[in-house]
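Please keep the sequence and the model in view while reading.

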Amino acid sequence: MPARNSTAALPVAAGGGALRLRWPFRRLLLKGDGQAESGLKRAHFRDWRLPFWLLAPQLFILLLFFFIPSIRALIQAFQLTDPFGATTQWVGFQNFERLFRSGVYWSSAQVTLIFTIAQNVLTLSLALLLAFASNHILRGRGVYRTVLLLPYAIAPAIAGIMLAFLFNPRVGPVAHMLQGLGFDWDPNRNSWHALSLIVMAASWKHICYNYIFLVAALLSVPQSILESAYLDGAGPIQRFLRISLPMITPTLFFLIVINFVYGLFETFAIVDATTRGGPAGATSILVYKVYQDGFVTLDLGSSAAQSVVLMALALALTFAQFRFVERRVNYSV
Amino acid sequence: MNERTPIIDAVCHLILLVGAALVCLPIYFVLVTGSLSQQEIMRVPMSWLPGTEFVANMQTVLSNANFGRLLLNSFIIAAGITIGKLSVSVIAAFAVTYFRFPFRMTAFWLIFMSLMLPIEVRIVPTYESAANVALPLNILGSWLGIQALVDLDWNLVNTYSGLILPLIASATATFLFRQFFLTVPDELCEAARIDGATPWQFFRLILLPLSRSNIVALAIILFLMGWNQYLWPLLLTTDPAMANAVIGLKKLMPQSDSLPTWHLLMNAAFLTMLPPTLVILILQRWFVKGLVDSGK
């Protein structure tokens, strides 16, 4: 079991379960080092030329493709540029006002919320079920796990295309079965059908990720506790619900955050390859709208304002992630 | 524990079988559809068994859709991202954990900040940066009134470096290496110093060999990430010959006004998903370690 080697990376039981809120980065940087200067090895070199050259490539790439673009996104959010880039005007918060008054934007936000929540619930519940099952059985674990890992290798766009084919009302085998059952399935016209198609594709792709983390977390639940519960007469399901599940809550929270990040930012390919935001904006999630307004309708000010809103969301999620990631940080890999 | 739970065992196997089937079913249909002919895919209901046209379809895909080139592009991009990101971040992590120098924390924070914003939220300005990397210099030039700087043009659209470099601009790998280096015993570095090793010798002869398993695990994840890129190649390639395979698939998607070619699309999809799937199947032990340790 390869996962067994890495279970130590999930100190589920550590920390005594106290959810103390502190500045996440400070905790993260100070933790485990024990030196006066955080993140510096006790045995270190004193030199400033070599580290300069070691850091230069990374800082240079970050400057060109991270810092400058991020700052420009912030600036553009307060500007109005005509589509041909001839004139640029400083407009203050006008882009944001326009954005928040726009009904299309709110409906896109609503679609995104429904999409991310549905995806989260479906992914996590199925992954939990599968993780419990593969943790319980003894034979064939390795084979099941290898098969369940496969979606991680497959591009989100391909996952979208595969399901779009299976559920295609004209040729898709699954769509034919649905039609055979008298269900009038058509994701090209019905917005709920289109939305559930991208939810299914996104979940199909992401269950494996949740599953790996849950299997690893379940393996790290102390055997002694499970055994004493067994001696007290608790069955496997009871032990899972009463002992394992509470002990892996940090992993569950971590996965919820990761699923939101995934749903918000990494599902662009699924939408673009299958529904292209349609029908009538039913699957136009926020990332897709940034792209559409920026590159298709060339409304740069609005696209930049949307970028800034998404940046704020990404920041919030990153902070949340570090709240849980710090529990997973392990200094004895 | 010696526990006998035949019913629950059976239910668990059933759950796992259904799960495995749900994973395999779409993949199986990619294979089946990719081996049918144009007439056979239009037949209702579609065949559940593979046809005989797989090789013929593959030849069509490779020649007509130029898919051989696209697969090669995918490989170059994925390898470039993997090698580039690993080499840039392993030395950066070495610098911030093993050296005391002025502005060490500033450098660390600058790197660390890039963990927070995915490329998706800043696509328009990142595109502008890649379309002319000299843009900031030009702006600086126009402020300072230096005419020579104002017209610099360094366009990365339709180039491999444009497809690779912006995707390297995030510090996930640096962060992982930093975490790993902090677990390396201090005695190793002290001993190396007593023996008179230079920092570079310590890095090359001791630290790198110790990090081998982390490097392999991370390389697998980065390769899969690079191979499956979608949004950035979509924006940055106007020349169809510079696109990657995943983008090529989108172009094969049936349009409403033409004869649907699902068989070619699915054949191409199979070719595109084959390399990453093989990577996972062969290297899954390392892959799981990399995934759980890095939290990517």
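## A cluster of rings

In this predicted model, ring pairs join Phe45(A), Phe94(B), Tyr98(B), Phe99(B), Phe177(B), Phe180(B), Phe181(B), Trp200(B), Phe202(B) and Phe203(B) into a cluster. Rings of Phe, Tyr and Trp (its six-membered ring) count as a pair if their centres lie within 6.5 Å, and the pair is called stacked if the planes are under 30 degrees apart, edge-to-face if over 60, and tilted for the rest.

Residues are numbered from 1 along each chain as its sequence is written, while chains are lettered from A and ligands numbered from 1 in the order in which they are written. Local features need pLDDT of at least 70, side-chain atom pairs count only at pLDDT 80 or more, and totals for chains, interfaces and linings use all residues, with side-chain values using heavy atoms and leaving out hydrogens and water.

## Two tilted pairs

Over all chains, the count comes to 41 aromatic pairs. One of them is the tilted pair of Phe100(A) and Trp106(A), with 5.9 Å centre to centre and 35° between the planes. Phe100(A) has a relative accessible area of 38% and Trp106(A) one of 45%, so each counts as partly exposed (buried means under 20% relative accessible area, exposed over 50%, and partly exposed in between, with a 1.4 Å probe and protein chains only).

Phe94(B) and Phe202(B) also form a tilted pair, at 6.4 Å centre to centre and 35° between the planes. Phe94(B) and Phe202(B) are both buried.

## Charges over rings

The charged end of Lys205(A) sits over the ring of Tyr152(A), 5.2 Å from its centre, where the rule asks that NZ of Lys or CZ of Arg be within 6 Å of the ring centre and within 35 degrees of the ring normal. Arg285(B) lies over the face of Trp286(B), 5.5 Å from the ring centre.
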